[in-house]
Every structure is written in structure tokens, then in C-alpha cells.
Amino acid sequence: VDEKTRRAAAAAGCPHALAGLPDDGTQLQPSPTLRELRANGPATPMRYTGDQLGWFITDYELAKRALADERLTIKSERFPERQGEHPRANTPDDLHTQMDEQAMESLSAANVLGMDGPQHDKIRRAMITRFMVKAVRGRRAEVRAIVDRQLERLLSLGSPADITSQYARPVSAYVHCLVLGVPERFVEGYVADYEESPFQTQFELVREVVAEKAQNLGEDALSDLLRAGLTDRETEGAAWMLMSVGRDNVERMISTMMVALLSHPDQLALLQHDPALLPGAVEEILRYGNPFLGLLVRTATEDVTIENFAAEAGQSVSVSAVAANRDPHRFDDPDRFDVTRDAFGHLGFGFGPHSCVGQQLARVEIQEAVGALVRTLPQVRLLHAEQLEPMALASPIGLHDTGTVLVEW
Amino acid sequence: MLAIYGRWTSTEGSRVKIDVSKESCVGAGQCALVAEEIFDQDDDGIVVLLDETPGAELQPLARRAAALCPARAISIRE
């Protein structure tokens with residue numbers, strides 16, 4: 001019996017296949033199942049929607065190789081099956097039904113998180129200029145000004161306060177508007193309503209923003225799209241991507257970093273004593289507090305073998321950033337939150353051709369937002385954080401939700 | 001590990017050559033963040049090689065950048 005037949009037979013019975021994502025953990029206290037799975041092998045069979053069997057990767061090295069492997073496309077129509085008692089979040093399919101035809105066309109032309117190859121590369125390259133290291137460094141003072149304004153507002157609202165909705169969310173949203181170049185008159189509406197709006201409403205705003213931007217190009221990411229020689233649909237789709245993706249994850253990381261620091265007073269003290277530790281501390285929370293139990297689902301376009309891992313053509317593959325980031329073969333004492341460690345190499349921004357476009361900006365935002373908060377309110381205490389207990393996943397791919405983070409001072 | 005570090009400290013005369021692939025580069029900026037002496041980004045965000053044959057003291061940085069590059073666009077030849 002050859003290896004492939006043996007694997008197929010094993011998968012058919014597959015007594016050890018996961019029924020779905022191990023979602024009984026949190027970003028700071030991952031499911032203990034992840035450790036067991038990783039100890040048993042680099043990947044575990046897992047059930048996906050449509051009664052399909054796919055793979056859940058928990059090993060760091062395999063995770064990186066899979067994410068960089070062009071035979072595993074990011075185009076996918078499946079999600080891991082639900083496990084446990086937490087209700088499933090909306091699937092993108094539910095949301096797409098709310099969109100008009102033009103929006104659908106724009107998305108198929110520019111959804112860089114759902115395509116590979118030359119079209120992906122063309123759109124991605126039109127997006128990246130304002131997120132490069134130099135460009136982001138040039139924005140640091142403006143990011144700091146936004147952070148200072150939001151901190152002042154937080155203080156005026158008074159203790160206790162929710163770090164997520166009253167600080168992390170507006171900081172991230174205003175910085176997003178700054179770097180994208182969202183015209184002034186749209187900014188307050190974007191900050192207040194965009195994230196919760198149906199896709200169709202978002203697209204209607206994007207159209208207005210793009211039309212106005214075209215009349216008055218500037219030194220910003222939306223203007224770059226308009227200068228890139230894209231079609232109207234590509235521009236609209238790429239603008240929607242830029243306005244929709246990233247800001248929520250920056251919000252997540254600011255909030256989760258505060259939860260981690262306030263529940264590890266020794267680490268907070270280290271940081272307060274030596275602010276130079278801040279950039280490394282941000283890398284560490286991107287490793288230790290990563291919310292991506294599963295990154296966007298990949299699909300094998302052919303039979304794929306990577307060392308001992310073999311996925312058949314058509315099978316779905318989820319890479320667990322949470323599990324990979326706590327692989328003891330890559331990070332010593334991985335379950336320890338240590339702001340002094342070298343955490344670079346974490347998969348907090350993914351890996352491969354789809355790795356986060358905005359990661360250098362995200363680093364600066366998290367550094368500035370958390371740095372200012374622990375400097376200005378050294379006496380801040382954690383009252384309650386929803387994310388300390390398992391919550392319903394924020395996305396069916398496997399994303400730990402942030403929840404409220406109540407603090408007092 | 002000692003042997004590896006020993007090699008670093010004794011490589012003053014050793015040469016490495018760095019190659020970058022502008023085609024593979026995805027503009028994530030990891031190289032320019034961790035090894036700005038060797039890598040930069042052009043106006044389009046794509047990798048620029050500043051030092052093709054860095055000296056021994058910079059070689060660890062070059063290797064770090066190569067390991068962190070999400071597009072595996074940096075290769076180092078001994």
C-alpha cells in the first residue's frame with residue numbers, strides 16, 4: 001500500500017480528525033489542545049464546511065513553509081467546522097449577499113486576500129508605498145498627536161473606561177484615515193460607523209471618498225491607488241480593502257497588549273523602567289497575544305507535499321498563528337510573556353505573499369498607543385477583560401475576539 | 001552554537017554575497033526594519049540592496065533579514 005493510499009484510508013476513517021477549531025482558549029491562554037496537537041505532529045486533519053476533510057497546521061516551520069507555498073492558494077470557499085458551544089460569526093458569504101453588482105466586480109478585481117498571481121501582485125504593489133518603513137517613520141509624530149488627543153479624551157471621560165472602544169478603536173481608525181488620506185469631512189463618520197456598517201454601505205462611502213480624492217490627490221495611500229493606472233473597479237475594490245482591513249487588528253493588539261501588561265505587573269514594570277524595550281515588547285505581544293487561531297484558509301491547487309505533510313488537491317489548509325507562535329522548537333518557554341525576548345519571526349502578520357501590508361504602521365501605532373498610556377497612567381489597573389475567558393470567535397477562520405477591557409485609574 | 005559564533009568572529013576576511021529578488025518582494029519592509037545598513041525600500045516600497053557584500057559585523061543582520069523576509073526574496077551566498 002503506497003503512502004497516498006494509506007493517508008487516504010486514514011483520513012476516511014480519521015478517528016483523530018478535529019471536528020473543528022479548538023476554540024476553548026483565548027489569545028492569551030490558548031486552547032491546551034494546540035499543545036497536544038503540535039506534540040503529535042506538524043498538522044492535524046480537521047473537518048471543514050461541506051463535510052470536507054482538510055488540515056490544521058500547528059508547527060512553526062511547516063506554518064511558514066505552507067504560507068510561502070504558491071501551490072496553496074488563498075482562494076477558498078470553506079471554513080473550519082464549528083466546535084464547542086460558541087456561535088459562528090457571519091461568514092463573508094452572508095455579507096456578500098448585501099452587495100450590489102459593481103461592488104462584487106470591484107472585489108473580484110481587487111480582493112488581494114482572495115487571489116494569487118499577477119493580479120494580486122499588481123493590486124498589492126499599488127497599495128504598499130505608504131506603509132514602507134521610511135514612510136511610516138515620517139508619520140510617527142502625527143500618530144503620536146492622534147494618540148495624545150485620544151488619551152486626553154479618555155481622561156476626560158473618566159475612570160473606569162473601556163480601552164477597546166474608548167481608546168484602541170479611535171486611535172486605530174484616525175491613524176487609518178491619516179495614512180489613507182480619507183478626506184476630512186468623511187473622517188468622523190468613518191471612525192464612528194464604518195466598521196459596523198453592511199458591506200454595501202461601506203462601498204457607497206468608498207465611492208464617495210474615491211470620487212472626492214480624485215479631485216484632490218495628496219501624499220497618501222488612496223491617492224497612490226488613483227495614480228497607479230488601475231481600472232475604476234480595481235481602484236474601488238482596492239480602496240475598500242484599504243479602508244476595511246487592518247484597523248480592527250491594530251485595535252485588537254493595543255487592547256490585548258494592555259491586558260497582558262496589566263496582568264503581568266513585572267513585565268509592565270520593566271517597560272515603564274526602560275521605554276527602549278517598547279518595540280521588542282510589541283513584537284512579543286504580536287507573538288504571545290496573537291488572535292489568529294487560524295489564518296485565512298488556503299486550498300491545495302495540486303497534491304502538495306512539504307516534508308512529511310501531504311495535502312491532496314482541493315483540500316483546505318488552516319495555519320494556526322497562535323499555535324506556531326508558541327512552538328517550543330522556535331521560541332524558548334513559549335507560554336511565558338517576556339517583553340525582553342527577541343520575538344521577531346512570529347507569524348503575527350502572517351508570512352508569504354499575503355503577509356500584512358500595513359505591518360510597519362501597525363507596529364508604530366501599537367508602540368505609540370500603549371507607550372503613551374502606560375506613561376501617562378502608571379497607576380492604571382485592570383478591572384475586567386472579556387478576552388480572559390473564551391469568547392465567540394470573531395470570524396469563522398478562527399479569530400479570537402477582543403471584547404471590552406475595563407480599566408480604572 | 002559556540003562553533004557558529006566562533007565562525008562569526010573569525011570571518012573578517014570571509015565574503016558573502018547578497019542577492020535580492022525585486023520580483024518576489026512583497027514590500028513588507030522587514031529587511032529595512034531590522035537591517036537598515038544593508039536594505040532599503042524604493043519609492044514603490046520594493047527592496048533596494050545597499051550593501052551587496054557586507055563585512056563580517058553586518059552579516060548576522062543580513063541573515064536575520066533573510067530569515068524574516070516573508071517573500072523569501074533575500075538570498076545569501078557564501
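Me: In β2(A), which residue is the bridge partner of A:Y48?

Reply: Strands are DSSP runs of E with at least two residues, numbered from the N terminus, and two strands pair if DSSP finds at least two bridges between them. Here the partner of A:Y48 is A:Q52. β1(A) and β2(A) (residues 52–57) pair in the antiparallel sense over six bridges. This is a predicted model, in which local features need pLDDT of at least 70 and side-chain atom pairs count only at pLDDT 80 or more. Residues are numbered from 1 along each chain, and chains are lettered from A.

Me: What is the order of the strands in the open sheet?

Reply: The order is β1-β2-β8-β5-β3 in chain A, with mixed pairing. β1 (43–48) and β3 (72–73) are the edge strands, each pairing on one side only.

Me: How are two packed helices described?

Reply: By the angle between their axes and the distance between the axes. Axes are lines fitted to C-alpha atoms over the stretch in contact, and angles run from 0 to 180 degrees between N-to-C directions. Helices are DSSP runs of H or I with at least four residues. In chain A, α9 (residues 163–180) and α10 (residues 184–193) pack at about 145°, with axes 9 Å apart.

Me: Why does A:H354 count as buried?

Reply: Buried means under 20% relative accessible area, exposed over 50%, and partly exposed in between (1.4 Å probe, protein chains only). A:H354 counts as buried because its relative accessibility is 12%. A:H354 lies in the loop between α17 (321–324) and α18 (359–376) of chain A.

Technical notes:
Side-chain values use heavy atoms; hydrogens and water are left out.
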